[in-house]
Amino acid sequence: MRKIKNALALSLAMAMGLSLVACGGNDDATTEATTEAKTEATEAASDDATEATEADASATGAIAAPSTDGWDDSKKIYAYSWDEDFSKKMNVVLDKFPEYKDYVEFVTLGLSGTSDDYKTAIDTALTSGDKYPSLIPADNDVAKYWSEDDSKTANLYDLGFTDEMLANSYDFAKQYGTTNGELKCVTWQATAGSVYYRRDIAKKVLGTDDPAKVQEALASWDKFFETAEKLKAAGYKIVSGAPDVKYAIWDTQSQPWVTDDGSKETLTLDKSVTEYLETAKKIYDGEYSNNTSMWDNSWAADMKDDSKVFCYFGCPWFIGSMQGNGATDGNWGAVTGPTSYHWGGTYVCVGKDTNNPELVAFLLYELTCDPDVGVEITNKTGDCVNNKAANERLINGELSSDNAAQKFLGGQNPIEVWAASAEGINLSNLTYQDASIKAFIDEASTAYNSGTYKSVDEAVKYIQDKCASELGISAE
């Protein structure tokens, strides 16, 4: 319809001009009439295009691209982050819509994304009046600090987001981003966990490095320990350290660890805590690992070809860490493992008093909901996106041949594994205190493994005492 209307307008302009010439009209009058008609036609075409864009956006459940007519520096928004990862992803959107580049300024703070310093810097900017944080990326461990505070962040439903727009989002991302029925943050990432295994060791011990067969050997925790015993008999370790499995087990949470009845917060540690303590202890006592700690030098060294470690639990971004630590491209494969889980992720909140809510909403929509942008993010940066439609396309032929993750996995398409894992993740029970509680669980597990605590109950008591003394949250 838009093209037909525009064509009619232009035809009328031409017809008016030709009729004046044919009638021998005054040249000036002819020129003036023709110019006026063309101007009206151009304005009509522009209006039709704007109406069509808005109509198309409405029909597809999208947020319409705002017009920049009349904008000045007062419409500029500021996008904060602790490092440059967020700007790289958002620049994929800005490359698609360059008309907005002059209205977005990235403020990279150079701080740890999970630190109190980052929280303080954002909070200060929210109240200082200078370079107000319209976009606030936050690590999965701290995003709820802002998303659960209505005085600081906006409800994205009020900015135009709808459940229809989130149809391609994985459930876990919607669960995390929703607070009391309000959508308070969204993410472009699907940080679905998987198990990365050494292909050479799989061939020697399991007789095959085929992902389907390796998945069978790691399909449950019982299978995991059966395989650990086979590896041990052949001189190998199934993991580098017992803590490697923690994220996979913590995501089996059956209820929130912290509940608030309006008058006080109460601590309730469910079986995911005791199961992790017991599983880690079994790995430690069974000598199925090298007893390393995550991120220490020995743990990193076990990723090299000369180590005897079979696998690591990791997510999409973890591949970069493995490559940086000397893991050889092509000698690794990926499977889902015993259970679906997540590790990390960046969620984006919107400052409640943003000066340009239309632009903020549109850019966030494109970043998180547009499948074309999702495909490009994966192909440009190697990230796995929180967009089912984009991942389906990447599984079915649109993954770049030079994708770093695919090369690392010896030609295996990683999106197949990550997308399958993402479907099974449940984050409905997470709270803003979980990161602190997990640190206490880590401490208790280390002490339990070494014999400082003689039972799971003693280890749990340590966690409860730390929550009471440092967080002011007690168990009933």
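**View 1. Buried residues of helix α11 in the predicted model.** In α11, the residues S272, V273, Y276, L277, T279, A280, K281 and I283 are buried, that is, under 20% relative accessible area with a 1.4 Å probe and protein chains only. Helices are DSSP runs of H or I of at least four residues, strands are runs of E of at least two, and both are numbered from the N terminus. The model is predicted: local features need pLDDT of at least 70, side-chain atom pairs count only at pLDDT 80 or more, and totals for chains, interfaces and linings use all residues. Residues are numbered from 1 along each chain as its sequence is written, and side-chain values use heavy atoms, with hydrogens and water left out.

**View 2. Surroundings and span of α11.** Its buried residues pack against α9 (221-233), α10 (246-250), α19 (434-450) and α20 (456-471), contact being heavy atoms within 4.5 Å. The end C-alpha atoms of α11 (residues 271-285) are 21 Å apart, in agreement with the 21 Å that its 15 residues should span at 1.5 Å a residue; the expected span is 1.5 Å times one less than the number of residues. E287, which follows α11, has a positive phi near 55°.

**View 3. The open sheet β2-β1-β3-β11.** The pairing among these 4 strands is mixed, where two strands pair if DSSP finds at least two bridges between them. At the edges, β2 (104-108) and β11 (346-350) each pair on one side only. Strand β3 (residues 133-139) runs antiparallel to β11, joined by 5 bridges, and A138 stands opposite Y347 in β11.

Note on methods: Buried means under 20% relative accessible area, exposed over 50%, partly exposed in between (1.4 Å probe, protein chains only).
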